[in-house]
Amino acid sequence: MTGVTLVDLSKAFGSVTVIDRLSLTIEPGELVVFLGPSGCGKSTLLRMIAGLETVDEGEIRIGGRRVDPLPPGERGVAMVFQHYALYPHMSVRENMAFGLRNLRIAEEEIGNRITTAAASLEIGELLERKPGQLSGGQRQRVAIARAIVKQPEVFLLDEPLSNLDAALRVRTRLELAQLHRRLGTTMIFVTHDQVEAMTLADRIVVLNCGKVEQVATPMEIYLRPRTRFVAAFVGSPKINLLPVAIFGDGGMARVRLSDGTNLDTAVPSAGLPQAGLTLGLRAESVRVAAPDGATTLGVVEVVERLGERTLVHTALADGSRLVAEDAGVSAVRAGDKIGLAIDARAAHLFDAGGLGHHPAVAA
């Protein structure tokens, strides 16, 4: 197995810097996801590793070997694209064999690799079909199989599920996870979909404006976001972010919402600034409750019934918005005045610069 090391990578298109002195180490056998909004640089970074974009500054090493001066075919990588990139006039078998023939691999070896990859992805019965005779999901499997037969040191996947419908995305996501376990090969997966990132990754690299915001396991990203950007980008629904004032002395920070509600957090007060703080609360830490047992009150604006849970969008007395969670079978309706029980021990605090301060023990 082979790892990937990026050292002070930079890339600009004209006056626009897309990747800004980025360094990262990907361990052998890891499945790492580059996650971020459109325009953050994640696909450009993947294309730089593949050799499809030049490097302005820095180095790319694969298995300890510097590869950024090398053409794509000599880097030991295989890429799966968002739009499949299959040759329409070739059969599935011919699409899979094409790159191997260019490498002058023996026909018997090509046949063995195709048979093995087709069996792994359950596309053996599709080998003589043309891409136009396949569904979107089948085409994507063929694109993945075409990468597998190259037996690369590193797989690069650029939003490979984005053209699939919702049900097929779930199925293909599971198949990719199983494939990674079987092959054990290093994989780098680009997506803007946080569900794909959370369910697939060993580690997530959250990118923003060409820089790394945080590198961590999925649950560490969710439970202890390094910055306000990470907290807001990862999680559905989006984390509640409310301005707060800090008051009182003590080991843990006590804060006051703008509607006057006081909260005792589990965030150590030592080192916290005294102004410019924002409270971060996940919806699961705000529950619908009877008014007499609530932390604060709100008026229901929108109710989202998701089956296993209900999301309740509320407005507090000062107009602040707070999303709460209720049971799947909920009697709450728009216009109701309800109580909200806030678990402040799970709250995060973000300073004016966006840096996160978290509970002493993860909630």
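**Salt bridges, burial and helix packing**

Analyst: The side chains of R169 and D193 meet in a salt bridge, at 3.0 Å from N to O. This is a predicted model, in which local features need pLDDT of at least 70 and side-chain atom pairs count only at pLDDT 80 or more, while totals for chains, interfaces and linings use all residues. Residues are numbered from 1 along each chain as its sequence is written, and side-chain values use heavy atoms, with hydrogens and water left out.

User: Why is the contact of R169 and D193 called a salt bridge?

Analyst: The term requires a side-chain nitrogen of Lys or Arg within 4 Å of a carboxyl oxygen of Asp or Glu. The N to O value for R169 and D193 is 3.0 Å, so the pair qualifies. R169 lies in helix α5 and D193 in the loop between β8 (186–191) and α6 (194–200), so the pair ties together parts that are 24 residues apart in sequence. Helices (H or I, at least four residues) and strands (E, at least two) are DSSP runs, numbered from the N terminus.

User: What makes R169 buried or exposed?

Analyst: Buried means under 20% relative accessible area, exposed over 50%, and partly exposed in between (1.4 Å probe, protein chains only). R169 has 18%, so R169 is buried.

User: Which parts does the salt bridge of R93 and E128 tie together, and how accessible is each residue?

Analyst: In this salt bridge the closest N and O atoms are 2.8 Å apart. R93 lies in helix α2 and E128 in the loop between α3 and α4 (136–148), so the bridge joins parts 35 residues apart in sequence. R93, with a relative accessible area of 32%, is partly exposed. E128 counts as exposed, at 55%.

User: How many salt bridges are there?

Analyst: The structure holds 23. One of them links R21 with D8, where the closest N and O atoms are 3.5 Å apart. R21 belongs to strand β2 (residues 16–26) and D8 to strand β1 (residues 4–13), so this pair connects parts 13 residues apart in sequence. There is also a network of salt bridges linking E59, R61, R66 and D68.

User: Why are α2 and α3 called oblique?

Analyst: Helix α2 (residues 92–102) and helix α3 (residues 107–120) pack at an angle of about 135 degrees, with their axes 10 Å apart. Axes are lines fitted to C-alpha atoms, for helices over the stretch in contact, and angles run from 0 to 180 degrees between N-to-C directions. Angles under 35 degrees count as roughly parallel, over 145 as roughly antiparallel, 65 to 115 as roughly perpendicular and the rest as oblique. The helices α2 and α3 are therefore oblique to each other.
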